Amino acid sequence: MENSILQLFPLSHRTFWQRTADAQDRIQEIRLRAGREAVLYMDGREFFLTDQGEFTDSCLGARRMTERELEEILEHICHYSPYAFEEELRRGFVTVAGGHRVGVAGQAVLAENGKLRTLKNISFFNIRVSHQKKGAADQVLPRMYREGRLKSALIISPPGCGKTTILRDLVRQISDGNAFGRGMTVGVVDERSELAGSFLGRPQNDVGMRTDVLDGCPKELGMLLLLRSMSPRVIAIDELGSDGELQALGQASACGCRILATVHGEGRADVERRFGKGADFWERMFDLFLILGKENGKCVVKQLEESGRTSRRHPEEPGNKMPGSA
């Protein structure tokens, strides 16, 4: 039961959640709200639960979560010591064994300086079920190298199209070494504990034998810290989001690091508009642009664009499905 989501629930709740745990490989999220129906996102669809824990596609008569049930789940997740998890709760989520992440919301408690001190009366949970899909990066791996030299790559994707999954597998395969290049030291700044899924500082996902993880640290600060302390040859971050992070990536690149990063967007034009920087800027930092999307409801690599070259698809079929994608 080490990685089972059943461990998230107190013993007295587990009979109800057993069916959900049995379907763990198909579930993306579990949404729990006090006084409202439990909602599961599975196989790209929305499901509710009956009083017996069975799946139903109708909210009529579906089981509603009580405040007391959510309190008991939170106490269990925090090992019955919420104060020990105050820092995690202030960030809005707790990562548990197995790499699963429990996002929380409720009543904010502010400090005198106006910053968030903690959350109380937590009444909303978003359980994001961790899925490591080894081999998710297989189809793009040959294009990640040129004569044995790793390229820096930016993965551009709308939400829900597998960017974190493919980045995680790239990190693993680059770290361990593969048919196209020797293993390299990788530094991962895992601000939201999604790439490595660390629990008490130890990755729950396989991110490779030569990978060092800085968990729960802001990306801008973390990249500079890893550069000073761990001397990575590759820096990897998920969800590039600020000018400060972009500047830190530039410093890492100037130090000779290869860069692996993801960013939200439909394509390169979206990213250029968002950060106010033109194509030349991005092509100085990245050698390859992976653009993800969906075709016929499936997550696919829509384009692989070489820096400074005409956009073109991967040489196999249009819209290559990502292994294990929904």
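Predicted model: local features only at pLDDT ≥ 70, side-chain atom pairs only at ≥ 80, totals over all residues.
Residues are numbered from 1 along each chain, and side-chain values use heavy atoms.

**The helix pair**
- The axes of α5 (residues 219-229) and α6 (residues 243-254) come within 8 Å and cross at roughly 15°.
- That makes α5 roughly parallel to α6 (an angle under 35 degrees).
- In α5, K219, E220, M223, L224 and L227 are in contact (heavy atoms within 4.5 Å) with residues of α6, including G244, E245 and A248.
- The residues of this contact comprise six nonpolar, two polar and three charged.

**Salt bridges**
- The whole structure holds 25 salt bridges (a side-chain nitrogen of Lys or Arg within 4 Å of a carboxyl oxygen of Asp or Glu).
- K219 and E245 form one of them, at 3.7 Å from N to O.
- This pair links helix α5 to helix α6 across 26 residues of chain.
- Both K219 and E245 are buried (under 20% relative accessible area).
- One network, built from salt bridges that share partners, joins R128, K163, R192, E194 and E239.
- Within the pair E194 and R192, the closest N and O atoms are 3.0 Å apart.
- E194 is buried, at 15% relative accessible area.

**Strand β6**
- L110 lies in strand β6 (residues 101-110).
- At 52% relative accessibility, L110 is exposed (over 50%).

Methods. Axes fitted to C-alpha atoms, helices over the stretch in contact; angles between N-to-C directions. Helix = DSSP H or I, 4+ residues; strand = E, 2+ residues; numbered from the N terminus. Parallel < 35°, antiparallel > 145°, perpendicular 65-115°, else oblique. Nonpolar A, V, L, I, M, F, W, Y, C, P; charged D, E, K, R; others polar. Buried < 20%, exposed > 50% of the residue type's maximum accessible area, 1.4 Å probe, protein only.
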